[in-house]
Amino acid sequence: MITREEISKLLDHPVYDGDGNKVGDAKHVFLDDASGRPEWVTVKTGMFGSSESFVPIRDAALVKDHLEVPYRKDKIKGAPNVDIDAGGHLSVEEEDRLYDYYGIDWDSVLTEPGERRSPGMGTAGTAGTGTAGAAGTAGAAGTAGAAGTAGTAGHRSEARTRGHGDDAMTRSEEHMRVGVERHEAGRARLRKYVVTEEVQQTVPVRHEEVRVEREPITDANRDEAMSGPAFKEDEHDVTLYEERPVVETEAVPVERVRMTTEEKTDEETVRGQVRKERIEAETELDEESGRRGRDVPRKGRE
């Protein structure tokens, strides 16, 4: 069971469900007006902690730096909505709805931890302390009663003070924490395919052409020229040659291609709503003398 002394240790700390899943962060603790025991804890859930869910704290356990509750995450997130700012108290109807939702017997709520409640009796008040609230009293301290005086537990009021015997209030406000989540934005791939292109290259080619050469009869060639008959028909063939382009291709590696990723940082503006507490003092006047009397703190949150 969580005690009042442990409240400061669990506020703003993680809350885990019965399966070890993080539900959110503990933000407020509500006390029983009659017994002063912590009864409920609110857990901030949802994106950026946009909502708070009530969870019974009687069977919770403070483990190292977090709070463990015996309820599943989806059960907690589906709890009935309650206006936390409604004077810092739970009404009887709101608390009934929460107990019914979590399947908690009202009689077990009125029983001190480890004890059984006698039939027809309310929670016993402590002598002279005024902790036992009268039936239906919303958030106000009960009249000091004798030991064992029967009383019905009142509403649950929110616990905000960090200790006992301190007449100061603690003002809290919400700060927005913005985080980032990594999501898959797309996929990229390398694909190789074949295309055909027209290429052009100029190469020199050679060919032979016939050229007729004539030389006069001289003493040097006279005998060869006169070796045949003077008049006869004759033919002489010459083979001509030419070069033609020959095309062939070969596959040659030219480069290697790979994909890498690089991170780019952009800036995005995130807007949200945060709540802040304001503390005001009210002063009541003495009816007889008109003198200024004691300061009366606003009812509700401690």
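**The nonpolar core and its aromatic residues**

The largest nonpolar core comprises 27 residues, and Leu10, Trp40, Val41, Val55 and Val69 are those with the most contacts inside it. Two or more residues are given to this core by each of α1 (7-10), β2, β3, β4 and α3. Strand β2 contributes the most, with five residues. In soluble globular proteins, nonpolar side chains tend to be buried together. The model described here is predicted.

The protein chain as a whole contains five helices and twelve strands. Of its 302 residues, 24% count as buried. Among the contacts in the protein chain with a separation of 6 or more, 58% are between residues 24 or more positions apart.

Strand β3 (residues 38-45) and β4 run antiparallel and are joined by six bridges. Strand β4 is mostly covered, with five of its six residues buried.

Aromatic side chains were examined next. The structure holds six aromatic pairs. In one of these, the ring centres of Phe30 and Phe54 lie 5.2 Å apart and the planes meet at 55°, so the pair is classed as tilted. This pair links distant parts of the chain, since Phe30 belongs to strand β2 (residues 22-32) and Phe54 to strand β4 (residues 51-56), 24 residues apart. Phe30 has a relative accessibility of 1% and therefore counts as buried. Phe54 likewise counts as buried, because its relative accessibility is 1%.

The rings of Tyr101 and Tyr102 also have their centres 5.2 Å apart, but their planes stand at 85°, so this pair is edge-to-face. The accessibility of the two residues was also computed. Tyr101 counts as partly exposed, at 23% relative accessibility, whereas Tyr102 is buried, with a relative accessible area of 8%. The cut-off that separates them is 20%, under which a residue counts as buried. Tyr101 also has a charged neighbour: Lys75 lies over the face of its ring, at 4.1 Å from the ring centre. Through ring pairs, Phe30, Trp40, Phe54, Tyr71, Tyr99, Tyr101 and Tyr102 are linked into a cluster. Trp40 is also one of the residues with the most contacts inside the largest nonpolar core.

Helix α3 (residues 92-102) has five buried residues, namely Glu94, Glu95, Leu98, Tyr99 and Tyr102. These residues cover an arc of only 130° around the axis, which places them on the same side of α3. An α-helix has 3.6 residues a turn, so residues three or four places apart point the same way. Glu93 and Asp100, by contrast, are exposed on the other side of α3. After the helix comes Gly103, whose phi is positive, near 65°.

Arg177 lies in the loop between β10 (156-159) and α5 (222-225). With a relative accessible area of 61%, Arg177 is exposed.

Conventions
Residues numbered from 1 in each chain as written. Predicted model: local features only at pLDDT ≥ 70, side-chain atom pairs only at ≥ 80, totals over all residues. Heavy atoms only, no water. Buried < 20%, exposed > 50% of the residue type's maximum accessible area, 1.4 Å probe, protein only. Helix = DSSP H or I, 4+ residues; strand = E, 2+ residues; numbered from the N terminus. Arc of directions from axis to C-beta. Phe/Tyr/Trp six-rings, centres within 6.5 Å; stacked < 30°, edge-to-face > 60°. Lys NZ or Arg CZ within 6 Å of the ring centre and 35° of its normal. Pairing = 2+ DSSP bridges. Core = buried A, V, L, I, M, F, W, Y, C linked by side-chain atoms within 4.5 Å. Contact = heavy atoms within 4.5 Å.
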